[in-house]
Amino acid sequence: MHRGLYRTTLSNAIYTLSNGVVRVVSWQLLMLASIFSRILFIGCLIAALTACAEQSAKDTSRSVDQQAAKEAEPTPSFTELVPTVTDTPIPTPAEPSPTEAPAAASPIDYAAVRPYEVGQIMIIMYHGLVETEAEEETYQRSAANFQNDLQTFYDRGFRLISMKDWIENNITTPAGYTPLILTFDDGKASSFSLENADGELRPVKDCVVDIMTQFSIEHPDFGNTAMFFINQNPFKGEGTLAERLNYLLDHGYELGNHTMSHKQMSKMNADEIQAEIGGIDRMIKEAVPEYEPYALSYPFGERPLKDLRGYVLNGVWEGNEYHYKIAVREGQSGPPSAVNREGFDPINVPRVRGSNNQETDMGWTLKQYETSPELRYVSDGNPDRIAVPAEYADNVDMESLNGKELFIYEAKGDQVIDAGQA
Ligand SMILES: [Zn+2]
């Protein structure tokens, strides 16, 4: 374009000069010079236009992204297409190198949120629900109190996640909130039963699934998911086994293995362990073939003998293989409840009892979080980045990061410093 402008200026100068000359020469010469200057002018004009066309071709050869961006804009007029001298080349965005982690979806104020992604995550162990508070005991919660529990969790900044997302460390909990997992053992009717309403199957009133569904309608950001650990003949009411299990999966819940006959695994041999786990594994897979069970709950919280624990994760029963990733028991939420924290043991995962009257249970733990909120896992809202305050950097299990970005930070007042990788 600079070349084009120069040629246009040159042609104008020549034209002016030739006009000056003609005043002092004869009419014929004037005519001749005039014709010559016009030819020269046209020549220069052609040259200028060629230069413009060349520049335009260069523009066309710019990156596809820029071209696509241009196409999204309204078609420019001719004058807009003529570049000006102030034009600077559009920088081509650098391709991110494969080792670079993708940028956070939405940057957060680390000093305000103070994410702590090796903190405690509560896994609550419920069983069934009872109608009145008088019937409550350690393993039974009244429907009204269960409803209150949901409200308490919600008000105190807990948000539900699936056990699968937790075990895969895919925590999408919004920034500033604490993930929470609910589990229900024994496949009880009060946890889930279907009834037939005008030809359609729906959960009976005041079972766990009904209460959770209602709560999530009023509090959609709370989440609506839970793990149901089942034995043979789970749940009651209408519908076949396949219909019941499909209903749960279709509505965002998960299914886990609580063994066939709910006996103490500490007293079993290898064959018995594999039969107990393999039986439920096959029952689930036959009812919902697309679902792959991955979680086990030990009946009575009793694990198999030490040298038989390998059968918890992998085994064969009647020619069918099973493969599990985690196994849960009863017990106090410990520090290693984030799967990327040092000390996390996938076949010895503690769950707090869903009750409110004993040491180490849910009520006790919630009280502890009131006085010591620093124990809680606090999400940064980005599942691909593990954000940990510098003072807890040593607690991160580097082996479990699986390509996720580790962000160790130091927060002083409202200042945040990237403290680098531990
Ligand atoms: Zn049980």
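This is a predicted model: local features need pLDDT of at least 70, side-chain atom pairs count only at pLDDT 80 or more; totals for chains, interfaces and linings use all residues.
**Entry 1**

I started at Arg329, which stands opposite Pro350 in β15.

Next I asked which other strand β15 is joined to by two bridges. The partner is β1 (residues 122-126), and this pairing is parallel. Here Ile124 stands opposite Val352 in β15.

How many of the five residues of β15 are buried? I found four, so by the cut-off of 20 or more other C-beta atoms within 10 Å I noted the strand (residues 349-353) as mostly covered.

**Entry 2: helix α9**

I moved on to α9, residues 241-250, and looked up its buried positions: Arg244, Leu245 and Leu248. Why do they sit on the same side of α9? They cover an arc of only 90° around the axis, and that puts them on one side of the helix.

I then checked what the buried residues of α9 pack against.

The face turned away from the buried side came next. It carries Ala242, Glu243 and Asp250, which are exposed.

I also looked past the end of the helix. Gly252 follows α9, and its phi is positive, near 90°.

**Entry 3: the sheet β16-β17-β18**

I turned to a sheet of three strands. It is open, the order is β16-β17-β18, and the pairing is mixed. Which strands are at the edges? They are β16 (385-389) and β18 (415-418), each of which pairs on one side only. I recorded an average twist of 35° from one strand to the next.

Within this sheet I examined β17 (residues 405-412) against β18. Four bridges join the two, and they run antiparallel. In this pairing I found Ala411 opposite Val416 in β18.

**Entry 4: the whole protein**

The protein has 12 helices and 18 strands. Of its 422 residues, 31% count as buried. I also looked up the contacts between residues at least 6 apart in sequence; 66% of them join residues at least 24 apart.

Methods: Residues are numbered from 1 along each chain as its sequence is written. Two strands pair if DSSP finds at least two bridges between them. Axes are lines fitted to C-alpha atoms, for helices over the stretch in contact, and angles run from 0 to 180 degrees between N-to-C directions. A residue is buried if 20 or more other C-beta atoms lie within 10 Å of its own, exposed if 12 or fewer, and partly exposed in between; C-beta atoms are placed from the backbone. Two residues are in contact if their C-beta atoms, placed from the backbone, lie within 7 Å. The arc is that of the directions from the helix axis to the C-beta atoms.
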